[in-house]
Amino acid sequence: MLGSRPTLVRAITHRGEPLSFLKELGFNTVRVATLPTPALLDEAARQGMWIIAPPPGVAEIERGEIDARYQQVLAWDLGEGLTGAARKAIVAWSRALKRNDPRPQRPLLGECTTDQRAFSRTLSVLLIGRDPLGTSLELAGFARWMAGQSRLAVPGTPIWARIQTQLQPALREQLRVLAPASFPAVGIGPA
């Protein structure tokens with residue numbers, strides 16, 4: 001829910017494209033790997049788009065650095081590849097956000113590889129994904145894996161699925177080196 005409106009989040013990893021272009025493609029949210037710049041926050045506001053981003057550090061949060069400039073941040077992304085070793089830091093980060101974010105209902109999300117039940121007690125949303133393209137994992141197996149991951153969390157935990165749409169950079173480089181003549185033709189179909 002965004003305010004009182006139910007909203008389907010259609011997010012894409014932002015790689016520097018103009019937000020107007022991504023909006024034309026049907027996306028309403030971009031996910032960034034770093035704290036968003038003022039320019040990106042302004043562009044998102046102009047386009048009526050949302051941002052999923054990592055929050056500032058705990059010390060900055062405690063100093064009150066989350067303010068109105070982060071209005072377009074839909075959710076705080078506490079990381080990917082999270083394991084039990086990161087749990088203590090994630091708990092401290094989430095507590096600081098819940099105490100100091102002017103929008104305490106803003107979701108906290110993360111993509112964990114282990115300890116889903118423990119992380120689902122701290123995070124508002126679990127992000128689940130895997131990169132099956134270019135591997136021996138068939139898409140039917142991927143679907144079964146995704147369904148199984150949701151059962152590892154506390155029942156009722158919201159799950160967002162991350163769907164791979166491009167080959168991993170290492171695989172793309174390997175294809176470029178081993179098959180340079182056919183490399184430009186390598187693509188992923190919509191199915």
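The lining of the largest pocket in this predicted model divides into 24 nonpolar, 8 polar and 10 charged residues. The pocket itself holds about 1400 Å³ of space, and of the 42 residues that line it, the closest to its centre are Thr 13, Arg 162, Ile 163, Gln 164 and Thr 165. Several elements of secondary structure each supply at least two residues of this lining, namely strand 1 (11–13), strand 4 (73–82), strand 5 (108–112), helix 6 (139–150), strand 7 (159–162) and helix 7 (169–178). Among the contributors, strand 4 gives the most, with 4 residues.

The second largest pocket has a volume of about 260 Å³. Its lining consists of Met 1, Leu 2, Gly 3, Thr 7, Val 9, Trp 50, Leu 74, Arg 103, Gln 105, Arg 106, Pro 107 and Trp 160, and these residues divide into 7 nonpolar, 3 polar and 2 charged.

Trp 160, which belongs to the lining of the second largest pocket, is found in strand 7, an element that also supplies at least two residues of the lining of the largest pocket. The C-alpha atoms of Trp 160 and Gly 129 lie 8.6 Å apart in space, although the two residues are 31 residues apart in sequence.

Two loop residues were also examined. Leu 152 is found in the loop between helix 6 and strand 7, and at 39% relative accessibility Leu 152 counts as partly exposed. Not counting residues up to four places away in sequence, Leu 152 touches Gln 116 and Arg 117. A separation of 9.5 Å is found between the C-alpha atoms of Leu 152 and Ala 118, which are 34 residues apart along the chain. Asp 115, in turn, is found in the loop between strand 5 and helix 5 (116–122), and this residue has a positive phi of about 60° although it is not a glycine. At 38% relative accessibility, Asp 115 counts as partly exposed.

Taken as a whole, the protein has 7 helices and 7 strands, which follow the pattern β-α-β-α-β-α-β-α-β-α-β-α-β-α when read along the sequence. The radius of gyration is 18 Å, close to the 16 Å that the globule rule gives for 191 residues, so the protein is as compact as a globular protein of that length. Along its principal axes, the C-alpha trace spans about 55 × 40 × 30 Å. Of the 191 residues, 35% count as buried, while the protein exposes about 11200 Å², of which carbon and sulfur atoms supply 57%. Among the contacts with a separation of 6 or more, 55% are accounted for by residues 24 or more positions apart.

Technical notes: Residues numbered from 1 in each chain as written. Predicted model: local features only at pLDDT ≥ 70, side-chain atom pairs only at ≥ 80, totals over all residues. Heavy atoms only, no water. 1 Å grid on protein atoms, 1.4 Å probe; cavity = no way out; pocket = protein on both sides within 12 Å on 5 of 7 lines; lining within 4 Å. Points joined across faces, edges and corners; volume = space filled by probe spheres on them. Nonpolar A, V, L, I, M, F, W, Y, C, P; charged D, E, K, R; others polar. Buried < 20%, exposed > 50% of the residue type's maximum accessible area, 1.4 Å probe, protein only. Contact = heavy atoms within 4.5 Å. Rg over C-alpha atoms; globule rule 2.2 N^0.38 Å. Areas by Shrake-Rupley, 256 points an atom, 1.4 Å probe, with all protein chains shown as cover.
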